[in-house]
Amino acid sequence: MDNNEKLSAERSLKIISETIEQSRTDIMRNAGMPMIFWGILTCITSVAVCYLWQATDNPSWNALWFLMAVIGWSVTAAKSRKDKKRPTNFFSRVLKISWISFGLFALIAAVIGTLSFDSTVYMVKLPITTVLILLLGLTGLITGLVLRHTFITAFSVASVVPANFALMYPGPYESLAICLTSLFILVIPGIIINRQYKK
């Protein structure tokens, strides 16, 4: 009887482990393209902001980030309507909540940061770029840990380097720090994931 119970418990653990791994694999199969899309969109926007800000000496070009968010969410929403409804699991829900939270806090940071440039509202200026890079790094870290993707995890932790660069060199070039961060947390891992799971 004890042996049967032991075998049954081992079998149950094996089934649970296989189910968890299958859930991760299902997420990875569909994770590459959204990461590449958002990463490239972020890189294009950051380069455009840097160039236009440098050329005109006008930081108002940072408003392009809001336009980027609208374009990105519109394309994502249209694509999700076209795609068949995919079954969700614990991991997909964690990742979805993490990235929605990132988007929400990034928007809040951008609004508060913009207001903070008015000295009649706040006493200090919020370093928006640094905050956004750290938020992206945190969300990337969660993604890397959930998916057990070493590259995403390592470069998410390393996002403190471009965050520090943005603090040290404020101005047009700080947006390139966001470009670098999204390149290593989104674009390159997305390409790697696509190559691994499209075989």
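A: Begin with a term: a nonpolar core is a set of buried Ala, Val, Leu, Ile, Met, Phe, Trp, Tyr and Cys residues joined through side-chain atoms within 4.5 Å. Note also that this model is predicted.

Q: Which residues touch the most other members of the largest nonpolar core?

A: In soluble globular proteins, nonpolar side chains tend to be buried together. Here the largest such core has 23 residues, and Met35, Leu132, Ile133 and Leu186 touch the most other members. At least two residues come from each of α1 (2–56), α2 (64–82), α3 (90–115), α4 (128–147), α6 (160–168) and α7 (174–197). The most come from α1, which gives six.

Q: What is Ile133 in contact with, apart from neighbours within four places in sequence?

A: Ile133 contacts Ser159, Pro162, Ala163, Ala166, Ala177, Ile178 and Thr181.

Q: How do the buried residues of α5 fall when seen down the helix axis?

A: An α-helix has 3.6 residues a turn, so residues three or four places apart point the same way. In α5 (residues 150–157), the buried residues are Ile152, Thr153 and Ser156. They fall within an arc of 100 degrees seen down the axis, so they line one face of α5.

Q: How many disulfides does a search of the whole structure find?

A: A disulfide needs two cysteine sulfur atoms within 2.5 Å. The search finds zero. For Cys50, the closest cysteine sulfur is in Cys179, 9.3 Å away, which is too far for a bond. Cys179 is in no disulfide either, its nearest cysteine sulfur being that of Cys43 at 3.4 Å.

Q: Are Cys50 and Cys179 buried or exposed?

A: Cys50 is buried, at 8% relative accessibility. Cys179 is buried, with a relative accessible area of 15%.

Methods:
Residues numbered from 1 in each chain as written. Predicted model: local features only at pLDDT ≥ 70, side-chain atom pairs only at ≥ 80, totals over all residues. Heavy atoms only, no water. Buried < 20%, exposed > 50% of the residue type's maximum accessible area, 1.4 Å probe, protein only. Helix = DSSP H or I, 4+ residues; strand = E, 2+ residues; numbered from the N terminus. Contact = heavy atoms within 4.5 Å. Arc of directions from axis to C-beta.
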